Amino acid sequence: MGSDDTLGKVKDPLVAAVQWLKTRPAKTKVALGGLGAVLLLLILWRTIKDHDTLFVLAEMAHFIGIGVLGYKLQKKKSVAGLSLQTQLLTATFLAVRLFCSFMMEYDIHTVLDGLTLLATLGVVFCMLFTEMKASYQKEQDVIKFYYVLGPCALLAFIAKPSTSHYYLFRVFWAFCVYLEAVSVFPQLRMMQKAKVVERFTAHYVFALGLSRFLSCAHWILQILEGNKYLLQALGSGLWPIMVLASEVVQTFILADFCYYYVKSYAEGSGIVRLPAGIV
């Protein structure tokens, strides 16, 4: 009995670490978050030999996120908290990228994109053509998809790959890269207006954040290893720089949300609450 009492007084180190982190100033938390990201990059650098694997893992994370949404639709029969505009943008860039993959290359990425596109179209169908559409919070989904499509299309004509493929294919490829970078923005804006994020939607957006981190990590690790081809490409024109910038933009757009997501679970609530300035 005395032994049990002694064990009961031993503080859980994980709980102690969480409590200590909660008392730190905001700047300290940001610095620790940055340090954690760097450490994770180093772990990936040392453990994953073929960095193209990170792209596959990124696409798998996206597909799993869509799977979480499918589970929500099946169990809750509700699309509350979901942005139709983000789903339309996601379906658009996946469809364009799938078309380009068939025209320009074909590999495991094409298969994963095809599966993710089908799942995304299923979500769009539920939001538009089933009884679940009544739960769609249209008044909070304020950033229309066509406001995002226009600038991405214009940018695609300005900065695009300089490969031997047809001009239109190169423009399409650039378009889907830029569109993917900002496709989640309507969803984040919608969640900001709601302040409290529905749990399955939070899981989905966190999966997108993880996907973007893995994709961005691929490029960073390539640079760290001194990939001569990549370093030469970055100095050869606007397109390679725009690709890298798009990866970084995607990661930072979702970084704030991922912080509050992890924070909510570290505190034991599992309820993601967003401050007004997150987007």
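## Exercises on a predicted helical chain

Over residues 241-262 the chain is 100% helix and 0% strand, with the end C-alpha atoms 31 Å apart. The model is predicted, so that local features need pLDDT of at least 70 and side-chain atom pairs count only at pLDDT 80 or more, while totals for chains, interfaces and linings use all residues. Residues are numbered from 1 along each chain as its sequence is written, and side-chain values use heavy atoms, with hydrogens and water left out.

**Exercise 1.** Determine how the span 86-104 is annotated and how its helix is built.

*Step 1.* In the unreviewed UniProt entry, the annotation "transmembrane region" covers residues 86-104 and 241-262, among others; positions follow the numbering used here, feature names are shortened, and annotations may be inferred rather than shown by experiment.

*Step 2.* Residues 86-104 are 100% helix and 0% strand, and their end C-alpha atoms lie 26 Å apart.

*Step 3.* Helix α5 covers residues 84-104, and its 21 residues reach 30 Å from first C-alpha to last, close to the 30 Å expected at 1.5 Å a residue. Helices (H or I, at least four residues) and strands (E, at least two) are DSSP runs numbered from the N terminus, and the expected span is 1.5 Å times one less than the number of residues.

*Step 4.* At the start of α5, a side-chain oxygen of S83 comes within 3.3 Å of the backbone nitrogen of Q85.

**Exercise 2.** Identify the residues and elements that make up the largest nonpolar core.

*Step 1.* A nonpolar core is a set of buried Ala, Val, Leu, Ile, Met, Phe, Trp, Tyr and Cys residues joined through side-chain atoms within 4.5 Å. The largest has 26 residues, and those with the most contacts inside it include V148, F175 and W239.

*Step 2.* The elements giving two or more residues to this core are α5, α7 (145-158), α8 (167-182) and α12 (238-266).

*Step 3.* Leaving aside neighbours within four places in sequence, F175 is in contact (heavy atoms within 4.5 Å) with T92, V96, L149, C152, A153 and A156.

How values were computed. A polar contact is a pair of N or O atoms within 3.5 Å; within protein, one must be able to donate a hydrogen and the other to accept it, and residues adjacent in sequence count only if both atoms are side-chain atoms. Buried means under 20% relative accessible area, exposed over 50%, partly exposed in between (1.4 Å probe, protein chains only).
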